[in-house]
Amino acid sequence: MLSAAAVRRSLVAPVLCGALLAGTTGCGGDDADAASAPSASSSAEKQKFAKTRFVANAGIAAGATYQWIVKPFRAGKFKKGADGRKFALIKAGLAGTLAYNRLKAATKNAQGDPTLAKAVAPLTAGIDALKGLPSKLRKGDSTDSVVNSFDDVINSVKDAGKSAGAEVKDKVPSAGELAKG
């Protein structure tokens, strides 16, 4: 004999499927009505969240740069003979790769908002210039200029966001998130 719970479970799926099917067929009509109503994937909807996505991506880039590149550099971790230098340089290289990736994503997000697009457009060349720097960090090559390049670009992106009404705050990724990229 079936229990009451088993009977309810076996009836829930067909009832929900029927309700969904009735809801989608009941909304029929001509295609002209559907074309005028905005959909969830329309460009207007994507632009609605452009600033939020920009702030999130730029915040991760800023946090990674500060925590894993600028802070260890200022503490002298990248100098020859420093204790833990190799590990600090590897983490900095991974952080640089993550920061570059998130800055590229933030640039794409900025294109969805006219104000942000104008503010961030001059920075794309600086962001593109960061592409080869993570490998230099991992090798320990010219760390002074590499750290300053990352810091300058991050500060420029933060300033551009602030001027467009999208203030960027640092969000520090964990070491595990750095490894994932």
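In which helix is P114 found? P114 is found in helix α6, where helices are DSSP runs of H or I with at least four residues, numbered from the N terminus. This is a predicted model, in which local features need pLDDT of at least 70 and side-chain atom pairs count only at pLDDT 80 or more, while totals for chains, interfaces and linings use all residues. Residues are numbered from 1 along each chain as its sequence is written, and side-chain values use heavy atoms, leaving out hydrogens and water.

**Confidence**
- The mean pLDDT (the predictor's confidence in each residue, from 0 to 100) of the chain is 78, and 73% of the residues score at least 70.
- Over residues 19-45 pLDDT stays under 50, and the model has three contacts (heavy atoms within 4.5 Å) beyond four places in sequence for them.
- Where pLDDT is low, the predicted coordinates should not be read in detail.

- Not counting residues up to four places away in sequence, V157 touches F54, A58, L103, L123 and I127.

**P114**
- P114 has a relative accessible area of 54% and is exposed (buried is under 20%, exposed over 50%, partly exposed in between, with a 1.4 Å probe and protein chains only).
- A50 lies 64 residues from P114 along the chain, and their C-alpha atoms are separated by 9.7 Å.

Terms used: Helix = DSSP H or I, 4+ residues; strand = E, 2+ residues; numbered from the N terminus.
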